[in-house]
Amino acid sequence: MAVPAAAMGPSALGQSGPGSMAPWCSVSSGPSRYVLGMQELFRGHSKTREFLAHSAKVHSVAWSCDGRRLASGSFDKTASVFLLEKDRLVKENNYRGHGDSVDQLCWHPSNPDLFVTASGDKTIRIWDVRTTKCIATVNTKGENINICWSPDGQTIAVGNKDDVVTFIDAKTHRSKAEEQFKFEVNEISWNNDNNMFFLTNGNGCINILSTTVLFCSLIAVFFLSYPELKPVQSINAHPSNCICIKFDPMGKYFATGSADALVSLWDVDELVCVRCFSRLDWPVRTLSFSHDGKMLASASEDHFIDIAEVETGDKLWEVQCESPTFTVAWHPKRPLLAFACDDKDGKYDSSREAGTVKLFGLPNDS
């Protein structure tokens, strides 16, 4: 998925009806009480620690639904799982079996013992942390690059480099449906209600399949109704490649990140863009909402992670990094942010990838 290096400004799009753009930037009268409170918290909890996870760069990090474990997937063909113990991560196990890079992983939405990995070896694997074994391997038609688990836990969707999305029954491990798209599919996600399926694409659109689907002509979100996978509508989201998408835990908003270096925030019910965040200078690679839906972390090749208040767009905090960030994930219960960067092991070989995961939000005296 080629992403233009040059950032582009927001397009002048219509402002009425579903998929329209509300004013791009909002000006607040001053920091909210929430911002001031969280800034005070982070002043005493701004420490970032790194933990060795892999022998090559980390592509994906994700928390289990109970927040007890953090999983990571890597170019070294493995997944690792850490236990969160007070203010540190303790490596529990390394999961081997894939024959190629583990590009993305996710946990079961309600079972904290199961997670699934997507790999370039044309398989997905479901793992159980209680047995530390792979409980299922599902063969797919292409090199897999993105994956998500439906909110009801019944279906796993996986997308490959050929823009095919396969829907797999999480119990029988068999394919339920398959869709070949005529555009570049980047990230995929169900909405919180489990009745619509969203795809971000290379045209800057969000496509929605649901029991409805959104088709776009510019850069939008594509909606499909689920499980029928019928086209619903398309929203013009960005004037360039739409890279990532995340839904907030409260079900009020979803956010998209694009090659234009903008993050846009959308009202789930109205499908209207209510706000944009423009502090990054490079294509937005990854997004994550905090557990209360009030903070949004976004990252790119910029050497910092932007943390914004969702309701105002105000800058809440900035997490400094020494290299581009691949993935971010807020803890499901606490203001802790896991992330991974394109770090190098400078001690012995400046070209060797470090393979670390990092945790921000720890007490400064820990």
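In this predicted model, Glu50, Asp343 and Lys358 are joined in a network of salt bridges. They belong to a structure that holds 14 salt bridges, and the general principle behind such pairs is that side chains of opposite charge can pair when their charged atoms come close.

One of these pairs is formed by the side chains of Lys141 and Glu178, which meet with an N to O distance of 3.0 Å. Because Lys141 lies in the loop between β9 (133-139) and β10 (144-149) while Glu178 lies in strand β13, the pair ties together parts that are 37 residues apart in sequence. Lys141 counts as exposed, at 63% relative accessibility, whereas Glu178, at 36%, counts as partly exposed.

The loop between β9 and β10 also contributes Glu143, which forms a salt bridge with Lys161, the closest N and O atoms being 3.3 Å apart. Lys161 lies in the loop between β11 (155-160) and β12, so this pair ties together parts that are 18 residues apart in sequence. Here Lys161 is exposed, with a relative accessible area of 51%, and Glu143 is partly exposed at 33%.

A further salt bridge brings together the side chains of Glu311 and Lys252, at 3.1 Å from N to O. This pair links distant parts of the chain, 59 residues apart, with Glu311 in the loop between β26 (304-309) and β27 (315-320) and Lys252 in the loop between β20 (242-247) and β21 (253-258). Glu311 is partly exposed, with a relative accessible area of 40%, and Lys252 is likewise partly exposed, at 42%.

The chain as a whole has 1 helix and 30 strands, and buried residues make up 59% of its 366 residues. An example from a strand is Ser298, in β25 (residues 295-299); its relative accessibility is 4%, and because buried means under 20%, Ser298 counts as buried. Leaving aside neighbours within four places in sequence, Ser298 is in contact with Val263, Leu280, Val284, Thr286, Leu287, Ile305 and Asp306.

Most residues other than glycine have a negative phi.

Note on methods
Residues numbered from 1 in each chain as written. Predicted model: local features only at pLDDT ≥ 70, side-chain atom pairs only at ≥ 80, totals over all residues. Heavy atoms only, no water. Helix = DSSP H or I, 4+ residues; strand = E, 2+ residues; numbered from the N terminus. Buried < 20%, exposed > 50% of the residue type's maximum accessible area, 1.4 Å probe, protein only. Contact = heavy atoms within 4.5 Å. Salt bridge = Lys/Arg side-chain N within 4 Å of Asp/Glu carboxyl O.
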